[in-house]
Amino acid sequence: MTSTPKKLLIFALSILAFVAIYFVVFAPKTDIPSIENVASAPEASSVYLSSLRDLKGNPVAMDENKLVFLNVWATWCGPCNMEMPGIQTLYNKYKNNKKVDFFIVSDEDAETVNPFIARKGYELPFYQFAGPYPPALDGNAIPRTYIIYKGKILTQEIGASQWDTPEINSLIEKQLAEI
C-alpha cells in the first residue's frame with residue numbers, strides 16, 4: 001500500500017470510530033426506563049397470566065379484584081437481583097393485606113429458583129410461567145414490573161427500580177383506598 005491509500009484508510013477508520021463513539025456515549029437515549037402511568041392505555045386482551053404455577057407445580061390464578069404486583073425476572077439477571085431487596089421490603093409491608101397479591105415470575109424451573117431463594121433468604125411468592133405473555137406484558141427485557149388492578153396496568157417499569165419508595169407506597173395506598 002502506498003502512503004496515500006494508507007492515509008485515506010486511517011482517515012476513514014477514524015471517522016467510523018468517531019461516529020461509533022458518538023452513538024454509544026453522546027447520542028440521546030430513547031428508552032430510558034422510568035415508571036410510567038399507563039392507566040389510560042386501552043388493553044386489547046387480559047393482562048393476567050394463565051398457566052402460572054407455584055414452585056411446587058401447582059396452578060395459581062391471578063385475582064383481578066386485587067391489586068397485583070407482577071415482577072418478571074431471572075436468577076442470572078443482575079438488574080433483577082439488584083431490585084429484589086426493595087421488592088422484599090415492599091412485600092413485607094403489604095403481605096398481610098388481603099387486597100394485594102405479589103407475583104415474582106420466572107420461566108426458570110424450581111431446581112434453579114429454589115437454591116437462589118434459599119441463598120438470598122427471600123420470602124417472596126415466586127412463580128413459574130411457561131408460555132407467551134399477554135401482548136401488554138410481552139417484552140424481551142427483564143426485569144419487567146407491573147402494578148395491575150381490574151385488568152388495567154396502573155404502573156409499569158422496564159428495567160431495575162427501587163420498589164420501596166414513598167412514591168410506590170403512595171400509589172399502592174391510593175389504589176387500596178379505592179378497592
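User: What makes Cys-77 and Cys-80 a disulfide?

Analyst: Their sulfurs sit 2.4 Å apart, S to S, and a disulfide here is a pair of cysteine sulfur atoms within 2.5 Å, so the pair qualifies. By that rule the count comes to 1 disulfide. Bear in mind that this is a predicted model, where local features need pLDDT of at least 70, side-chain atom pairs count only at pLDDT 80 or more, and totals for chains, interfaces and linings use all residues. Residues are numbered from 1 along each chain as its sequence is written, and side-chain values use heavy atoms, leaving out hydrogens and water.

User: Why is the disulfide of Cys-77 and Cys-80 called right-handed?

Analyst: The torsion about its S-S bond is about 80°, so it gets that label.

User: How do you know whether Cys-77 and Cys-80 are buried or exposed?

Analyst: Buried means under 20% relative accessible area, exposed over 50%, and partly exposed in between (1.4 Å probe, protein chains only). Cys-77 comes in at 4% and Cys-80 at 1%, so both are buried.

User: What makes the buried residues of H4 line one face?

Analyst: They are Ile-168, Asn-169, Leu-171, Ile-172, Gln-175 and Leu-176. Seen down the axis of H4, they fall within an arc of 160°, so they line one face of the helix; the arc is that of the directions from the helix axis to the C-beta atoms.

User: Which exposed residues does the face of H4 turned away from its buried side carry?

Analyst: Pro-166, Glu-167, Lys-174, Ala-177 and Glu-178.

Terms used:
Helices (H or I, at least four residues) and strands (E, at least two) are DSSP runs, numbered from the N terminus.
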